[in-house]
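Thanks, everyone. Let me put the structure up, and then I'll talk you through it.

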Amino acid sequence: RQHEGPRRVKRAWVIPPISVSENHKRIPHLLVQIKSDKQLPGGVIYSIKGPGVDEEPVGIFSIDKFSGKVFLNAMLDREENDRFRLRAFALDLGGVTLEDPTDLEIIVVDQNDNRPLFRQDVFTGHVVEGAEPGTCVMTADATDADDPDTDNAVLRYSLLQQGAGGMFSINSTTGEICTARPGLDRELVGVYNLTVQAADMSGDGLTTTATAVIYLEDINDNPPEFTKEEFSMEVEEQAAGVDVGRVFVHDKDLAGSPNWLAKFTILEGDPEGSFAIRTDPYTNDGVISVAKPLDHEVRDRFELTVSVQNEGPLEPTAPASPRALATVRVRVQDVNEAPIFRENPRRVTVLEGAPPGTSVTTFTASDPDTHQFQTLTYALLYDPADWLQLDPHSGTVRTKRELLHPSAFLQGGRYIALVLARDDAEPPLSATGTLSIEILEVNDHPPLLQPTAGVICGRPGRGGKLLLGATDDDRPPHGAPFHFQLSPQHPQLARNWSITRFNVTHAVLAVLVPLPQGPYSLPLLLRDSGTPHQEQQQLLNISVCHCGREGTCEDGALAAASTGAGITLEALVIILGSTILLLVLVGLGAARVRRHRQALRKGLLQRSQDDMRDNILNYDEQGGGEEDQDAYDINQLRHPELFSPRAKAPVRRDAPLSSATPLAPRKLRSGPSDIEDFINEGLEAADSDPSVPPYDTALIYDYEGSGSVASPLSSIVSSLTDEDQDYDYLSEWGPRFRRLADLYG
């Protein structure tokens, strides 16, 4: 077999690209006819496939299956599809492929059917005023949907309208807009509106337009200026912080910007700084206000020189101009002013105990309204103790009563009063002055010996000393230091006793020679440090006790009597010994009472119509001995009106010493109802008696009021024999029922 060469493809089956113009209106339109010479005509069936036939967009192309003619069935748009690639097939009548599939390419030829489109309808740009020519602002560019390889998409730009002056130009190829001339002034034209055109076919085809808005940015090229040269204002005197008025300026620069905001300065006419000026940020006005209160009587008018400039500096390109100045005339109006106390508070001094009518001071005010004839009157606004009287016309303050010290109305030794001064204007005004009165202390009290009794060991040395003290109702410097000495009227005392200073308020009494036991009365002279000195001779009751080895008193009962005296180490030991002795006495008294309990119990069980209080005995007296078992006179309780409050108080028979200053008699109650107060007063009287030992009991404690409704104890009257009652539970009721437990338990 001979070798076969390359297979030859027939020309009729190779289809070159077919071009067809978009927007072709003659439909259907024959594009091409394909042929296969494998069979005779009429024996071949042709078909095509691909986009535009059986793929989207379907139905644009079709073929006559017997003749092979390809037709265009719809208008084409190159901007949607610029070419179609189809496949052509040739089959015999039996469906057998006669030719290999071949490509059929249909190219859509562009037409200038699209106008240029700007990327936005309005372009916005900014440029500072006074910009140099050639300063570019923005680019207004457009696009064209036509074939960019043809003139259909070649664009050219131009400015159709920009107003007078021709201040801007546009690059015809790129669409960039730049300044063309100098002289851009925002104060003349702040915004430029340009109409920009784009045309295809290199400027000869379809066109479209857009708007370019150019804003001029402000620079500080205009200084502020006053609207007029002079301004007039009025303000009331004594008004501080109020606005007087405004000065108005005009600035051509952009309102609200730093180039527009003004700054004001008061150059002349206000050396004391009575006025201030600030800028209203919304209106750019200068607001003048009062910085210090004005006084019409001192100065009734001001003439101020005010300047204005911008917050920021002017641009170097701004035209030179002098600094803007204006004159502001301010008139101060006279108004009624309140009186003034020049010295407030007024501090004065008054001697303690000054008699009523004593002149304290003349506290007056002055009226600042010297150009008005007004009369001032005065009144006491605050006088808490009602100590003062005030002349309403002269303002003289006098005492109404004696000024006492100490007093609850004093504050730090001073009495505070308020004085009101009022004028007679319409409406009247007033002022308040503070009067501070210091009550000077007068040395009118001598020092008092504290205590007035004591116990001391009768042996010189360690135990023969006693600490003495004194008090003084006067305040410093009329009190301490105190001077203690033996009475000069009794020089013989110095042989047995001596007094030495311990501190400013105390001294030490010492025994110089051994002294026998017993009571002694030493007259002492006490003197304070006031001016003039106050001194008083007072009696000191001394009990000299038997001294032990350690220099302490061995007689406990005598030592117990000194509990109201100055406390020393020896006294503390005596008190402890007295306590032990007291317990022994209590035991003896309880044994004595127990021997008579049968008779006492019958007295308790006896039901009598007499006053139940007649049968109350002193069962809980612990320390008085048998002398305290006598019943008191019950008539003092039944008829207190018969006993004068000035009657001499009953004296305890067991009192070893008599006080140099006897206690005041205890006042009986006017009625029998206040039982508790009566008993408490008796207890206080007993506790306060410095001449007797502390018995811890009231002198009269059986007062129960008249008409007592107390009934006999049922547990007692129910039986008359001890065997019928069990009183052991009384021992569980505490110390108060211990005596009854001893009697009946």
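I'll cover the cores, then one asparagine, then a sheet.

Keep in mind that this is a predicted model.

Start with the nonpolar cores. The largest one has 25 residues. Leu31, Ile48, Phe61, Leu76 and Leu104 have the most contacts inside it. Two or more residues come from each of β1 (18–21), β2 (29–33), β3 (44–49), β4 (61–63), β5 (69–72), β6 (83–92) and β7 (97–109).

Take Ile48. Leaving out residues up to four places away in sequence, Ile48 touches Val53, Phe61, Ser62, Ile63, Val70, Leu86, Arg87, Ala88 and Leu104. Another core, of 24 residues, lies apart from the largest one. Its members include Tyr378, Ala385, Leu388 and Ile437.

Now Asn152. Find it in the loop between β11 (142–143) and β12 (156–161). Is Asn152 buried or exposed? Its relative accessibility is 11%. The cut-off for buried is under 20%, so Asn152 counts as buried.

What does the side chain of Asn152 make a polar contact with? The side chain of Asp110, at 2.7 Å. Beyond four places in sequence, Asn152 is in contact with Asp110, Gln111, Asn112, Asp144, Asp146, Asp200 and Met201.

Look at the β38 end. Five bridges join β38 to β39 (residues 506–511), and the two run antiparallel. Arg501 stands opposite Ala507 in β39.

That's the tour.

Terms used
Residues numbered from 1 in each chain as written. Predicted model: local features only at pLDDT ≥ 70, side-chain atom pairs only at ≥ 80, totals over all residues. Heavy atoms only, no water. Pairing = 2+ DSSP bridges. Helix = DSSP H or I, 4+ residues; strand = E, 2+ residues; numbered from the N terminus. Core = buried A, V, L, I, M, F, W, Y, C linked by side-chain atoms within 4.5 Å. Buried < 20%, exposed > 50% of the residue type's maximum accessible area, 1.4 Å probe, protein only. Contact = heavy atoms within 4.5 Å. Polar contact = N/O pair within 3.5 Å; in protein donor to acceptor, adjacent residues only side chain to side chain.
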